[in-house]
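Here is a short briefing on a single chain. Please look over the sequence and the fold before reading on.

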Amino acid sequence: MALITWTADQFGTNVGFADDEHKVLFDKLNKLYDLATGGAERSAIGAQLDDLIAYVVGHFAHEEKEMEAAGFVGLAAHKAEHEALVGTCADLQKKFHAGEADVTDEVGQMVKSWLESHIPTFDRGYAAVLS
């Protein structure tokens, strides 16, 4: 079962690239969550974790580049939000690969909660400038 489902009402920004990338991000997160909570091999979970984090880093960079090009005044605060999540994810990634942490339901719920807050609050803030 999906951890999080993209809907236009809840997550739509009316910025084409952002909505498309958010849908891919949700798919990658759901796949990781299914693997982690479904008893998959640790190597498969690790590969999906790496794939998701790499995608998130690229997505954040794309958003930030577009916001900067548009002169979006909220860029610094938005970037700080991104950096905080990437830091948390990088720490989990490092600990996971060292055998010191697992991807758990709690981890999935934390990321879901972050997305449910970040996209409507922060990403919709750039919609008027980027759409």
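This is a predicted model: local features need pLDDT of at least 70, side-chain atom pairs count only at pLDDT 80 or more; totals for chains, interfaces and linings use all residues.

Residues are numbered from 1 along each chain as its sequence is written, and side-chain values use heavy atoms, with hydrogens and water left out.

**Fold and dimensions**

- The chain has 6 helices and 0 strands; helices (H or I, at least four residues) and strands (E, at least two) are DSSP runs, numbered from the N terminus.
- In sequence order the pattern reads α-α-α-α-α-α.
- The radius of gyration is 15 Å, close to the 14 Å that the globule rule gives for 131 residues, so the chain is as compact as a globular protein of that length. This radius is taken over C-alpha atoms, and the globule rule is 2.2 Å times the number of residues to the power 0.38.
- Along its principal axes, the C-alpha trace spans about 45 × 25 × 20 Å.
- Take contacts (heavy atoms within 4.5 Å) between residues at least 6 apart in sequence: 72% join residues at least 24 apart.

**Surface and charge**

- Of the 131 residues, 40% count as buried. Buried means under 20% relative accessible area, exposed over 50%, and partly exposed in between (1.4 Å probe, protein chains only).
- The chain exposes about 6,900 Å², and carbon and sulfur atoms supply 54% of it. Accessible areas come from the Shrake-Rupley method with a 1.4 Å probe; for residues, only the protein chains shown count as cover.
- There are 10 positive and 22 negative side chains, and the centres of the two sets lie 2 Å apart. Lys and Arg count as positive and Asp and Glu as negative; His and the chain ends are not counted. Each charge is placed at NZ of Lys, CZ of Arg, CG of Asp or CD of Glu.

**Nonpolar cores**

- A nonpolar core is a set of buried Ala, Val, Leu, Ile, Met, Phe, Trp, Tyr and Cys residues joined through side-chain atoms within 4.5 Å.
- The largest such core has 26 residues; Phe26, Leu29, Leu49, Val103 and Leu115 have the most contacts inside it.
- Two or more residues of this core come from each of α2 (16–37), α3 (42–69), α4 (75–97) and α5 (105–121).
- Leu49 touches Leu32, Leu92, Gln93, Phe96 and Val103, not counting residues up to four places away in sequence.
- A second, separate core has 8 residues, among them Val15, Ala18, Phe72 and Tyr126.

**Buried residues**

- His22 lies in helix α2 and is buried, at 2% relative accessibility.
- Beyond its neighbours within four places in sequence, His22 contacts Trp6, Thr13, His59, Glu63, Ile119, Asp123 and Tyr126.
- Phe72 sits in the loop between α3 and α4 and is buried, with a relative accessible area of 15%.
- With neighbours within four places again left aside, Phe72 contacts Met67, Gly125, Tyr126 and Val129.
- Phe72 and Thr88 are 16 residues apart in sequence and 25 Å apart in space, C-alpha to C-alpha.

**Exposed residues**

- Asn14 is in the loop between α1 (8–11) and α2. At 69% relative accessibility, Asn14 counts as exposed.
- Asn14 has a positive phi of about 65°, although it is not a glycine.
- Thr121 lies in helix α5 and counts as exposed, at 54% relative accessibility.
- Thr121 and Asn14 are 107 residues apart in sequence and 14 Å apart in space, C-alpha to C-alpha.
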